[in-house]
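Here are a few notes to read beside the model. Please keep the 3D view open as you go.

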Amino acid sequence: MKGKILALGAFSLVVLIVLTANLNLTEAVENSTQINISVQVATRTMVDITPQEIVWTGIEPGEEANGSKTTDNGNVNRPGSIQIENVGSTNITKIWFNTTYPSARPFGTGENGSYDSANYVLISKYNQNDFWWVNRVDYNESQELVYLHTLSGWYYGRIRNGSTEYFWAVDTSGDCNTTTIRIGNTPHTLTQDGTTDFTDGNQGTGTNQYRQYTLSAVDNYTGVATVSIGESGQTRDYCLAVTNCSRVMLYKWNKDAPGADTCTNDIYFWDNTTDGDLTPGNSTIADLIIRVPYGVYQGYSSQGVLTAIVQSEEST
């Protein structure tokens, strides 16, 4: 028995020596090399606007609406705001908008598809609560208004501002591109007549008077004027384009509207001279409300389109 034990001990000692020798012979080696990476980004002016669709439901005639609403598919969005993100590679220097509008007078048609939902949209810069029409379009009245007094041969209509309506009358002599337009100071509402006398001698800035403007020709059929809408001390300064004596466009944020290059009241929503450049990866927010006039037929109005147009440093 002693001999067997000595033999096992000797065997174990030999194995231990071999393992130790192997560990001493192993050595870790590290090495590295570098390569240079260069990427040239193409020049692209691009924006992403979110959300892509805004839905208001259950709006009353004459109502102003904003805030959170639930869409038909059950999702909750915030139609009071849109995010405009610079996803391109150039600095954006200018942003402006346009909205679609009916191609003919929708009131009295009895068809909800005759109305354009985008024609209800006003925009403000984020959290400023200072809303302006992008380009609100209205047409002359097709039905006589017996309580309105105008000169013979003049066309008249309303600028529909939700629950308030400002009457206007335009001289139809010539092509209405260099004639006179008169806009009432006091709005027509469900509780007051507003300015209704557009005959000579009622011009002024007081209550129940009208302001008179001379249209400057944009082309053979369109004239534009720099106007103030509202009673003294509560006016809003807009551009107003009259086309074919029968259509008026009240606009603020649309730099492509008729006469925008001559009217002094239209402005960019974003202008790098005051706001700085909107750099790639940065964004701005526009707040939206809608004002649905009286006399809009029930159901969904025709889907309209709000378009944001941007200009970059490369396109100037």
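1. A residue counts as buried when its relative accessible area is under 20%. By that rule, 43% of the chain's 316 residues are buried. Keep in mind that this is a predicted model.

2. Now the overall make-up. The chain has 20 strands and 2 helices. Take the contacts between residues at least 6 apart in sequence: 62% of them join residues at least 24 apart. The accessible surface of the chain is about 17,400 Å². Carbon and sulfur atoms hold 48% of that surface.

3. Next, the inside. The largest nonpolar core contains 46 residues. Which residues have the most contacts inside this core? They are F97, I123, I181, V227 and L240. Strand β19, residues 283–291, gives the most to the core, with 4 residues. A second, separate core has 10 residues, and V224, C239, A241 and M249 are among them.

4. Look closely at L240. Leave aside residues up to four places away in sequence. L240 then touches I159, I181, I183, G223, V224, A225, V227, V248, M249, L250 and Y251.

5. Finally, find T284 in strand β19. Is T284 buried or exposed? T284 counts as buried because its relative accessibility is 11%, and the cut-off is under 20%. Beyond four places in sequence, T284 touches I82, Q83, I84, I95, F269, W270 and L278.

Definitions and conventions: Residues numbered from 1 in each chain as written. Predicted model: local features only at pLDDT ≥ 70, side-chain atom pairs only at ≥ 80, totals over all residues. Heavy atoms only, no water. Core = buried A, V, L, I, M, F, W, Y, C linked by side-chain atoms within 4.5 Å. Buried < 20%, exposed > 50% of the residue type's maximum accessible area, 1.4 Å probe, protein only. Contact = heavy atoms within 4.5 Å. Areas by Shrake-Rupley, 256 points an atom, 1.4 Å probe, with all protein chains shown as cover.
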